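This report describes the fold of one chain, its contacts with a partner chain, and an annotated region of that partner.

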Amino acid sequence: MNDKRPSLPTYALLGVLALLFLYPIWWAISSSLKPAAEIISDPLGFSLADVTLDGYRAMFADVPIGTGFANTALVLVIKGGMTLFFCPLAGYAFAKYKFPGKDLLFGIVLLTLMLPTLVLIIPLLLEMSALGWVNTYKALILPGSIDAFSIFWMRQVIAAIPDELLDAGRVDGAGEFGVFRRIVVPVIRPGLAGLAVLTMMNVYNDFVWPVVAVNDEKHQTLQVVLSTLAQNISGNRIGADFATVWSELLAASSIAMIPLLVVFVLLQRHFINGILAGSVKG
Amino acid sequence: MSLLLRKRAAPYVFVLPFFVVFAAFGAYPLAYALRLSFTKWTGAGEARWIGLDNYTYLLTSPEFWASLGNSSIMWLLVVPIQLVAGLGAAVLLSNAKLRLRGLFRVAFIAPFVTPLVAMAQVWIVVFDRDYGLVNHALNLIGLPDVGWLTSTAWSKPTLALLFLWKTTGFAIIILLAGLQAVPSHVYEAADLDGASRARQFWSMTVPLMRRSLSFLLVIQTLAVFQMFAEPFVVTQGGPYGSTTTAGLYLYDHITASDLGTGAANSFLLVILVFALSLLSVRLLRARDE
């Protein structure tokens with residue numbers, strides 16, 4: 001576009017919008033560092049001199065947030081690992097091989113793209129209980145571990161690799177998997193980084209399935225642990241206790257959002273690539 | 001194994017893991033749910049075949065329609081605002097001479113990256129009637145308290161605001177990418193013709209962005225009708241059922257162990273969501289052609 005220099009109102013508008021977007025995050029984190037009583041008596045104020053970790057101490061004592069983090073990390077590593085390995089592999093087959101039944105099989109992949117997760121919740125839960133998998137890591141990890149969207153995306157990425165490059169690899173004596181590992185994977189590294197970051201965000205923030213599949217403390221993911229704090233609130237609205245509950249809740253919420261925000265700021269480009277990949281399927 | 005055979009077998013081996021997982025945790029439960037939707041079953045004992053009873057029960061149940069009504073209102077509160085404001089912000093951000101663009105972009109996407117459950121809890125605290133930040137600020141400028149989460153009039157807008165806050169950055173990124181794909185000579189020609197910026201926006205940018213806009217429309221329609229965590233954490237569907245969205249109503253069947261009805265509800269919801277997506281894409285196309 002042959003753009004004019006943006007006017008002052010443009011900057012003001014974008015600036016106000018940006019502040020509105022950032023303020024709730026800032027407010028949650030800064031309030032989690034305030035003495036509990038002040039969250040209620042002076043919600044707008046913040047002074048560095050009053051910073052305290054009391055809310056965090058109380059929260060760590062009351063809530064199994066460490067277990068939540070550990071469970072989320074475990075699910076993230078295994079589920080993420082499966083997505084990052086199997087989805088590019090399947091994408092490679094759909095992008096670069098001709099084989100009988102390919103159109104039909106890829107059609108199924110496309111169809112499952114449109115399947116709302118909600119429809120599967122009840123039958124999946126029943127399946128888990130029939131298998132005796134309720135309250136297990138298997139239940140958290142396996143459903144959705146190799147998903148259609150990631151395959152679709154990786155197929156797009158791999159289709160852009162010139163066939164000559166792959167043939168050259170075959171001439172050098174690489175087997176079918178060898179070509180994938182030694183030629184395809186290094187070339188699609190930026191795409192894989194995008195996939196890794198997007199998968200990380202989705203698994204880390206996933207809530208609907210974990211809250212249904214797991215109800216014991218030992219297996220709760222971070223988000224499920226967090227949601228139990230909100231339930232404490234409604235039953236506890238009197239006096240100092242109330243302020244303490246809020247303080248714990250803000251501490252837990254803040255500590256849960258910080259890891260992803262840090263990753264996001266550091267790997268911004270991959271995040272945006274990941275989000276944008278979603279729009280190609282439209 | 002011969003080399004040829006290996007080359008023939010390879011693609012099947014490569015796609016097999018997906019189909020195993022899909023068969024076990026997608027196709028099988030889906031087929032099971034379909035059968036379940038024709039039975040009465042509470043999770044224990046024998047499931048009893050009752051034909052279409054679950055469907056007729058739901059279709060004549062005021063609560064089912066109320067949940068769809070709540071979701072529809074939520075849709076009205078979220079989607080039009082998000083598409084218009086998102087496009088506006090994307091147009092401003094697409095200006096090549098804009099400084100600090102990276103910073104604005106980070107600010108807009110940051111909410112999208114935060115965990116929904118965490119922010120839903122922050123919403124409870126911020127919009128609390130008695131001690132919350134928002135009413136505190138209103139009082140400072142002489143306005144009375146508002147029951148953001150405790151009155152039926154405000155509960156939906158307050159949850160819609162959470163959804164808007166969290167996902168508008170996503171919309172902006174998608175639209176920004178769409179804008180950057182619009183060839184610049186189109187605008188140069190319009191400038192020569194003397195078309196105003198506002199006119200260029202409505203008669204060129206919007207039509208040219210049809211693809212990105214329909215994509216967002218479909219994705220966000222799906223998301224609004226499946227909205228679950230926001231009401232589950234913030235309001236538990238209240239007050240007086242005013243935030244019992246279609247997604248939360250579905251979950252209520254699980255807690256009530258009314259699984260046959262729940263399965264039937266899932267399928268009705270899927271049909272509805274598909275129909276809405278198709279309709280919205282149709283409408284968007286028809287207007288411009």
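Of the 282 residues in chain A, 40% are buried, a residue being buried if 20 or more other C-beta atoms, placed from the backbone, lie within 10 Å of its own. This is a predicted model, in which local features need pLDDT of at least 70 and side-chain atom pairs count only at pLDDT 80 or more, while totals for chains, interfaces and linings use all residues. Residues are numbered from 1 along each chain as its sequence is written, and chains are lettered from A in the order in which they are written.

Chain A has 15 helices and zero strands; helices (H or I, at least four residues) and strands (E, at least two) are DSSP runs, numbered from the N terminus. The C-alpha trace of chain A spans about 75 × 65 × 35 Å along its principal axes.

In the interface, 75 residues of chain A are in contact with 78 residues of chain B, contact meaning C-beta atoms, placed from the backbone, within 7 Å. Helix α1 (residues 8–32) of chain A supplies the largest share of the chain A side, 11 residues. The classes on that side are as follows.

| Class on the chain A side | Count |
|---|---|
| Nonpolar (Ala, Val, Leu, Ile, Met, Phe, Trp, Tyr, Cys, Pro) | 58 residues |
| Polar (the others, Gly among them) | 13 residues |

Notes. Two residues are in contact if their C-beta atoms, placed from the backbone, lie within 7 Å. A residue is buried if 20 or more other C-beta atoms lie within 10 Å of its own, exposed if 12 or fewer, and partly exposed in between; C-beta atoms are placed from the backbone.
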